[in-house]
Amino acid sequence: MAEAEIFVLSDTEIEVSALDLWYDDGAVHALRDITLDLHPGEVLAFIGPSGCGKSTMLKVFNRMHDANRGVRLTGKVTFQGIDIHDPSIDPPLLRRRFGWVAQKPNPFPSSIWQNVSYGPRIHGLMRDEAEMAAHVEASLRRAHLWDEVKDRLHTLAGTELSGGQQQRLCIARALSTMPDVLLMDEPTGSIDPVATAKVEELVLELKHDKAIVLVTHSMMQARRVADRVAVFHLGRLVEIGPTEDVFERPRSAEAQAFLGGLVG
Ligand code: ADP
């Protein structure tokens, strides 16, 4: 499929219906009958106990499970109205529409410039070096990192930054391919509270022109940044709704038990 054909105007970025996923050739049933949607301009937080399927769900969206031959999947996932498993979909082109931010900052062990220019270069997104330079700057500015690194773009390695700076570099790198959706897998799980506050501020800014899925173990973080919350339990989506509704009035017994200490 030509890249342009992936762009379809839709008010739903992602739709998942009746999705089941198994690891290890069927031995581990990790996701069960999941149905959910994601809209442009919102932050959807995935919460729930460890091992309930949050990361597994996140990896479905950009077909990260493709590399795992033991994974089996049934049900349907659409991105901007198109079935992501349709044989005509080119996974690298699909992945460009998603930015991934991992828990542990994982910059390339190369310069800031190379970290941020790599994606646009391999996807051929920039016409020339001047456009690339402007784009690298814009990506770093959006991630609130530009002022701290602008004089050392070519001499400083991504790995030489502080943990919080590294995570903002990874966000700049994720933004560099101009994705529609950001997938953030506990992005503040290994950085300090000040760095966490900066990432949360960024999430609230970035959602204006993206849809964001945020896996978090922090209920306070979900309350601060999420528009909607999805509660997972043992591979099932037991509740999804506006953040305040889910926290103040959880309907399912599983969500009530998980949020127990916070409710009432
Ligand atoms: P969470 O993100 O909520 O902590 P995960 O999505 O990582 O949960 O895991 C869901 C379930 O799938 C767990 O039982 C986990 O052990 C299993 N699992 C995750 N990744 C793999 C894998 N690559 N191979 C086999 N089982 C896995």
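Predicted model: local features only at pLDDT ≥ 70, side-chain atom pairs only at ≥ 80, totals over all residues.
Just after helix 1, Arg-63 adopts a positive phi of about 60 degrees.

## The sheet and helix 1

Four strands make up an open sheet, arranged in the order 2-1-4-5 with antiparallel pairing. Its edges are formed by strand 2 and strand 5 (82–83), each of which pairs on one side only. Helix 1 packs on this sheet, where it touches strand 1, strand 2 and strand 4, and its direction makes about 120 degrees with that of strand 1. Strand 1 (residues 14–23) and strand 2 run antiparallel and are joined by seven bridges. Within this pairing, Leu-21 has Leu-31 of strand 2 as its bridge partner. In general terms, strands of a sheet pair through backbone hydrogen bonds, in either a parallel or an antiparallel manner.

## Salt bridges

A search of the whole structure finds 16 salt bridges. Three of these pairs are set out below.

| Pair | N to O distance |
|---|---|
| Glu-42 and Arg-228 | 2.7 Å |
| Asp-66 and Arg-95 | 3.4 Å |
| Asp-209 and Lys-210 | 3.9 Å |

The side chains of Glu-42 and Arg-228 meet in a salt bridge. This pair links distant parts of the chain, 186 residues apart, since Glu-42 belongs to the loop between strand 2 (28–38) and strand 3 (43–47), while Arg-228 belongs to strand 9 (residues 228–233). Glu-42 has a relative accessible area of 8% and is therefore buried, and Arg-228, with a relative accessible area of 17%, is likewise buried, the cut-off for this class being under 20%.

The side chains of Asp-66 and Arg-95 also meet in a salt bridge. Asp-66 lies in the loop between helix 1 and strand 4 (72–79), whereas Arg-95 lies in helix 2 (residues 91–96), so the pair ties together parts that are 29 residues apart in sequence. Asp-66 counts as partly exposed at 37% relative accessibility, and Arg-95 counts as partly exposed at 29%.

Between Lys-210 and Asp-209, the closest N and O atoms of the salt bridge are 3.9 Å apart. Here Lys-210 counts as buried, at 6% relative accessibility, whereas Asp-209 counts as partly exposed, at 46%. Elsewhere, salt bridges with shared partners join Asp-37, Glu-42 and Arg-228 into one network.

Rolling a probe the size of a water molecule over the atoms shows where empty space is left. For this model, a search of the whole structure finds one cavity of 30 Å³ or more, and the largest cavity has a volume of about 30 Å³. Its lining consists of Pro-187, Thr-188, Val-199, Glu-200, Val-203, Leu-214, Gln-221 and Val-225. Helix 7 (193–206) and helix 8 (219–225) are the elements that give two or more residues to this lining, and helix 7 gives the most, with three residues.

How values were computed: Residues numbered from 1 in each chain as written. Heavy atoms only, no water. Salt bridge = Lys/Arg side-chain N within 4 Å of Asp/Glu carboxyl O. Buried < 20%, exposed > 50% of the residue type's maximum accessible area, 1.4 Å probe, protein only. Pairing = 2+ DSSP bridges. Contact = heavy atoms within 4.5 Å. Axes fitted to C-alpha atoms, helices over the stretch in contact; angles between N-to-C directions. 1 Å grid on protein atoms, 1.4 Å probe; cavity = no way out; pocket = protein on both sides within 12 Å on 5 of 7 lines; lining within 4 Å. Points joined across faces, edges and corners; volume = space filled by probe spheres on them.
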